[in-house]
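Dear colleague,

Please find below the structure that I promised to hand over to you. My notes on it follow directly after.

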Amino acid sequence: MPKIRNLYLVAFLLSLIFLWTRFYKIDTSLLFFNDIGRDFLALWKWQESGKPPLLGPQTSALPFNQSAVYFYLLYPFYLLSSHSPYASLIAYSAFYLISFALGLYFLRFYPRLEKSLLLVFLLITVHPQYIIQGRFIWNPSFVTPCILIAFYSLTVYLVQKKPTKILLMVSAFFIALATAFSYSAAPTLLAFLFLLLWRRRQVFLPYLAYLIASLGLLNLPTLFFELRHGFLLSKMMLFGEKIDQGHNFFLDRLKSLSEFGFSTTPSWAILLLLFIALFAFLSHKREKNLFLEHSSWLFLLTLILTLLMPVSFHSHYIFGLLPLFFLLISFLRARYIYLVAVFLYVVFLQAALSANYFAPARHSLNDLQSCSENFCEKYQEPLFISNQSKYHPYHNAMEFQYLMSEAGCRVKDINTENGQASILAVVLDDDIYEHGKTSYYELTLFGESTEKERFKCSETLEIVILEK
């Protein structure tokens, strides 16, 4: 580990590596698609209407939305960057680097925690899924700094002789913020409560009160929406049709966790965890370490709760778990950290070679923008937009709804503004559309139509114009 006098130089170099892994060749490799389009469309509508959104992104497991605080974080960057398509990536990078810098500053009296944060940030910088979801930004991408802030503030509180309550408030607020960004952090939130109930029962109720107050504050826009619409989301979650979870057996979740979290097979992941458990035991036996103890219990509790969740395990679910795994590693004795580092280097390198983070996207952002601008120069009447793609099953065309809106098209939402346009633009992404044969939800909503003409953008990108 670096000496304290070299800490800020190491931190600066790590920050440069972090920025390089997130921005290198981003102009050609950014897959401006689906969730990114959804986010930018929400920001566009906010600016056009002057009304901030009350709901955040919809979840993949329940018919309920995340907090709109995610859009509130992105909006200043969207405005200040003049609608840059990299606004969310800039917001993400600023969020991580500012959290990292402030963490080093506030932990300056705790050298062991400073070193821990350096190692954790290094692992965040090079972990395959962190790179992938740090170049394709969406709401789960912001979970990790919140969990780290919650952990370090709570840990400092527990080791202080005369602890200040502000640390409890900070910890409670940021673990609540993590769940506001993504409900996948809920197991981590519960693990924090279990840890506090076990380690310092006398402050459990104040912490719970701060947590409830923070959750209430962060979800005020959602509550306002519920009150305005007769608790629509709550009724949908309780009585509505649930989203199909597909393969959600325990072994399936374990396999997905191993792949996304540890970039390896379940057998190797279990072996790694067993060795880390041994290293943690030997480290704690050599020298009692409350930091290691707390991070170990938090990781174990979160791992158990995550594996027991009755939902499919997706790649973004790791962000409630991996920060605790990195923290655990950071508090091991140095010799064990080096052994773990060798294993992680091998699996992360293999994942990097197979993922090819910087490979060109199938359609560059410039190609998508040019296609949208050229199309919108010709079509000025109100229209709906849908998508037929060879590469994914989504037809809502969120990225094209945004890009064409910004390019000057009068885009209408076929779900909420049905009947306000007589044209449907079907964007073909290297796929085939056969009128009367191709079928999906948006086409059914649009109703009977005739194929008017086709607008060709490239060999693999074409727009079919349907008219009622």
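Cys 457 counts as partly exposed because its relative accessibility is 28%, where partly exposed stands between buried, under 20% relative accessible area, and exposed, over 50%, as computed with a 1.4 Å probe on protein chains only. Cys 371, by contrast, is buried, with a relative accessible area of 3%. These two residues are joined by a disulfide with an S to S distance of 1.9 Å, a disulfide being a pair of cysteine sulfur atoms within 2.5 Å. Cys 371 lies in helix α19 (residues 365–378) and Cys 457 in strand β3 (residues 450–458), so the bond ties together parts that are 86 residues apart in sequence; helices (H or I, at least four residues) and strands (E, at least two) are DSSP runs, numbered from the N terminus. Because the torsion about the S-S bond of Cys 371 and Cys 457 is about 60°, this disulfide is right-handed.

Before you read further, please keep in mind that this is a predicted model, in which local features need pLDDT of at least 70 and side-chain atom pairs count only at pLDDT 80 or more, while totals for chains, interfaces and linings use all residues. Residues are numbered from 1 along each chain as its sequence is written, and side-chain values use heavy atoms, with hydrogens and water left out.

The structure holds two disulfides, and the other joins Cys 376 to Cys 409, with an S to S distance of 2.0 Å. Cys 376 lies in helix α19 and Cys 409 in the loop between α20 and β2 (423–429), so this pair ties together parts that are 33 residues apart in sequence. The torsion about the S-S bond of Cys 376 and Cys 409 is about -110°, so this disulfide is left-handed, and both Cys 376 and Cys 409 are buried. When the bonded cysteines are counted along the chain, the disulfides follow the pattern 1-4, 2-3.

I also looked at how two helices meet. Which residues of α3 meet α20? They are Gly 37, Arg 38, Phe 40, Leu 41 and Trp 44, and they meet Met 398, Glu 399, Gln 401, Tyr 402, Ser 405 and Glu 406 in α20, where contact means heavy atoms within 4.5 Å. By class, this contact of α3 with α20 has five nonpolar, three polar and three charged residues, with Ala, Val, Leu, Ile, Met, Phe, Trp, Tyr, Cys and Pro counted as nonpolar, Asp, Glu, Lys and Arg as charged, and the others, Gly among them, as polar.

With kind regards
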